[in-house]
2 protein chains.
Amino acid sequence: MKKSFQDVSKHTTENIYDIIAVGFDPKKTKILVDTKDIKRIYPIALEIAKRITFSTVKAVFGFQNSTNIGMIGFPPIQAAPCFLPSVIEGKPTPVLIPAAIDQDPYWRVTRDIAEKMGYPKPAQIHSKFLPGLGMQGKMSSSIPETAIFTTDTEEAIDKKISSAFTGGQPTVDMQRKLGANFSICSVFWYLRYFFDTEKESDERARKCRAGELLCGECKCNLKDATKPFIADFKKKREKAKDQVDQFLFDKS
Amino acid sequence: MKKSFQDVSKHTTENIYDIIAVGFDPKKTKILVDTKDIKRIYPIALEIAKRITFSTVKAVFGFQNSTNIGMIGFPPIQAAPCFLPSVIEGKPTPVLIPAAIDQDPYWRVTRDIAEKMGYPKPAQIHSKFLPGLGMQGKMSSSIPETAIFTTDTEEAIDKKISSAFTGGQPTVDMQRKLGANFSICSVFWYLRYFFDTEKESDERARKCRAGELLCGECKCNLKDATKPFIADFKKKREKAKDQVDQFLFDKS
C-alpha cells in the first residue's frame, strides 16, 4: 500500500541530486520538499485555499467535475512558498520565481490573492524550455527517448542522439542540394543551448541551411560534447549525495 | 497576517484541555492536530485525494463552483487518520470512529475507497447530539447563549439557563391546567443526559406533562446541578494544562 509513497520519495531524491550537481551554493539555497516540509507549508496553504474558489481553478487550470480533489487542492501548496519568506522574516518579503511558462497560472492565481493576505505579489521570470529530442513537443520522463537523462550511459546517449529528430532532408543528395531546416532540429538546439558559442551556432545554422552540413555530422558533434558533459555531471552527482543535508530547508 | 493561525491554535488548545479534562486515559489516547501532525497525515491524504473526484464531493457535501478549494481539499485530511493506524502498524488495522451524525459523509466517502487502497473500511459509531439551549437546533459556538461552555462563570450559567428554551406554556395557570411538553425542552434533556437517573427523568417527564412542574423548578434543578459540575470540570481543566504533552500524537 506504500508503493506510491516510495516512488515520490525516489523521484524527489534524484531531483535533489541533480539540483545540487548543477552547482547551486548551499549558503544561498534551501530545498523545500512538499511532503517533508509540509508542516511549514500547510498553514499558509490553508489561508490561500480559502481565498480561491472552484470557479477560479476551473477557469485557470481547466479542472472539471471528473478532476480528482488532489489536483484541485494542489495550487495552494504550490503557491505557499511565495509567502514563506514573509512568514520566516516576519515582514513582507518579495520573492522572484524562476520557472517555465507552464507554471505561470499558479503564480497568476497567487498574485491575485497576495495583497488581500498582506503579502507582496510574487514576481516571476520565465525560463526557456529545452525542446525534446522527438519530433516537436517537450521532453517527457515517461518517454525516455525524448530526453537525455543525467544518469544515462554512453550507449544510451549515442542511441538517443542517433534517433533524434532533425530538420534534415530525406536523402543526402537532397540535403546537399536544398539545405536543411535547423530551426526545427533538436540536435541544433541542444548544441546551441549547451555547447556551441553563439558564433559557432550561427555558423552551424548557415552551413545547415546551405547544405554544407549533414545531420550525421551535427549528431556526432552533439555526442562528442554530451558524453564528457554527462560523465562530469555524474561525478558531481555522486558528490551531491553527501551534500543533501546542507541544502534541505528543514534538516530534521 | 498571522491572526487566523493564532485563532486556530487557540481553539485547538482549548479543545485539548476539554478532552483531557473529560478523563481520557493518556496511555490509550493520542491527540492528533491536523496542522501540527500534518507531516504524518499529508502523504496519506494525497493518496486518498487522487481517488476522489469533484463530482463525488459535490454530490456528498453539496459543494458548488463558488466553494473555496480549501473546503474541497479538506475531506482527505479528515479521512487520513482512518488509515494512519494501518500505516503505523505496517498491516491492515481496522478503526472505529465515534462521531456525531454530521460527520457521517466523510466516513462514507472513505469507506468507498478504503479497499482500493488496501486498507480496511473504517467503522463508525454515531454519538447523540446534545441539543442547544435555544429554540430547536444544535449548539453553536458563534451563538454563546445556545450552550454552556466548560469555562463559563456561575453568573453566565445562571443567565443562560434562565433564558433557555423549554416546552412550557405562556402562563403558570395554563401550565397547571394543560401541562408542558418536555420532549422539546432543552432543560429537560440537559438534566436527562447529565444529571437525572433514568427513573428521575421519567418521573420529571410525567410531572411536566401533568402540569405538576413549572419550568422555573426544572431550571433551578439544572442550575444547582450544573454549577458544581462546571466548577469541578474547571479544576480538572486546570490540571489538564500540565498533561497536554502526554496526550499529543507527536510530542516534538
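How many salt bridges does the rule count over all chains? The count comes to 26, where a salt bridge is a side-chain nitrogen of Lys or Arg within 4 Å of a carboxyl oxygen of Asp or Glu. This is a predicted model, in which local features need pLDDT of at least 70, side-chain atom pairs count only at pLDDT 80 or more, and totals for chains, interfaces and linings use all residues. Residues are numbered from 1 along each chain as its sequence is written, chains are lettered from A in the order in which they are written, and side-chain values use heavy atoms, with hydrogens and water left out.

One of the salt bridges joins D18(A) and R237(A), with the closest N and O atoms 2.7 Å apart. D18(A) belongs to helix 1 of chain A and R237(A) to helix 12 of chain A, so this pair ties together parts that are 219 residues apart in sequence. Helices here are DSSP runs of H or I with at least four residues, numbered from the N terminus.

Between chain A and chain B, by contrast, the count is zero salt bridges. Across that interface the rule finds twelve residue pairs in polar contact, both residues being at pLDDT 80 or more. A polar contact is a pair of N or O atoms within 3.5 Å; within protein, one must be able to donate a hydrogen and the other to accept it, and residues adjacent in sequence count only if both atoms are side-chain atoms.

On the side of chain A that touches chain B, two or more residues come from each of helix 1 (3–22), helix 2 (38–49), helix 3 (54–61), helix 4 (69–73) and helix 5 (75–79) of chain A. Helix 2 of chain A gives the largest share, eight residues. By class, this side has 18 nonpolar, twelve polar and six charged residues; Ala, Val, Leu, Ile, Met, Phe, Trp, Tyr, Cys and Pro count as nonpolar, Asp, Glu, Lys and Arg as charged, and the others, Gly among them, as polar. In all, 36 residues of chain A are in contact (heavy atoms within 4.5 Å) with 36 residues of chain B.

The whole structure has two cavities of 30 Å³ or more. On a 1 Å grid over the protein atoms alone, a cavity is a set of points where a 1.4 Å probe fits but cannot get out, and lining residues have an atom within 4 Å of a point. Grid points are joined across faces, edges and corners, and a volume is the space filled by probe spheres set on the points.

The largest cavity holds about 100 Å³. Its lining has 16 residues, those closest to the centre being A180(B), C185(B), C208(B), C215(B) and C218(B).

Conventions:
On a 1 Å grid over the protein atoms alone, a cavity is a set of points where a 1.4 Å probe fits but cannot get out, and a pocket is an open set with protein on both sides within 12 Å along at least five of seven lines; lining residues have an atom within 4 Å of a point.
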